[in-house]
Amino acid sequence: MPPFGTPPAYSTPATLGLALLALLTALWHFTLGALDYANAGRYEGLALMLLAGLMLVYGILTLIRYVEARDAMTDPHPRTAMYATVHQRRVPLIGLGLAVLLCLADLAFAVSAQVPFWHVAGLLLAVLLARQALRIRPERGEDEL
């Protein structure tokens, strides 16, 4: 449990960065999935769009958690504790898992698709997302950016 008076884990700029990076990565990969739907194959494109959709949901939920935590910090009469929640460790791990799946998909598409450069750029986005998700894990601390 963090010391009393420290900001909740979801209220840091690192969490906002993770949410925005997840949204950007999701939109990038959804576009690539739509392009590969016509070029590489129907099911391959749909699989990439499905992964991108899951990443979009993850990014939106993380952004909502950030906004709620920032709002809870100004609440004069808090109703629940803001520390040591069960999902605090799971959220970054889910982001890491989705980023790894997108990395694997990008590697496969970079080898087989007709737009390999864009998949390499998507791979870089997914690696940045995985790095950011690892950085905000509560065990390591969120103060380092």
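A residue is called buried when its relative accessible area is under 20%, exposed when that value is over 50%, and partly exposed in between, as judged with a 1.4 Å probe and the protein chains only. By this rule, 39% of the 145 residues of the protein count as buried. The model is a predicted one, in which local features need pLDDT of at least 70 and side-chain atom pairs count only at pLDDT 80 or more, while totals for chains, interfaces and linings use all residues. Residues are numbered from 1 along each chain as its sequence is written, and side-chain values use heavy atoms, with hydrogens and water left out.

The protein has four helices and zero strands, and from the N terminus on its elements run α-α-α-α; here helices (H or I, at least four residues) and strands (E, at least two) are DSSP runs, numbered from the N terminus. Taking a contact to mean heavy atoms within 4.5 Å, residues 24 or more positions apart account for 79% of the contacts with a separation of 6 or more.

The UniProt record, an unreviewed entry, places the feature "transmembrane region" at residues 43–64 and 117–134, although such annotations may be inferred rather than shown by experiment. In the model, residues 43–64 are 100% helix, with the end C-alpha atoms 31 Å apart, and residues 117–134 are likewise 100% helix, with the end C-alpha atoms 26 Å apart.

Serine 11 lies in the segment before α1 (13–39). Serine 11 counts as buried because its relative accessibility is 2%, and, leaving aside residues up to four places away in sequence, serine 11 touches Tyr66, Ala69, Arg70 and Met73.

The aromatic rings come next. Rings of Phe, Tyr and Trp (its six-membered ring) pair if their centres lie within 6.5 Å, and planes under 30 degrees apart count as stacked, over 60 as edge-to-face and the rest as tilted. This rule gives two aromatic pairs. The pair of tryptophan 28 and tryptophan 118 is tilted, because the ring centres are 5.7 Å apart and the planes stand at 55°. This pair links distant parts of the chain, since tryptophan 28 is in helix α1 and tryptophan 118 is in helix α4 (residues 116–135), 90 residues apart. Phenylalanine 117 and tryptophan 118 form an edge-to-face pair, with 5.1 Å from centre to centre and 70° between the planes. Trp28, Phe117 and Trp118 form one aromatic cluster, in which tryptophan 28, at 28% relative accessibility, is partly exposed, tryptophan 118, at 41%, is also partly exposed, and phenylalanine 117, at 56%, is exposed.
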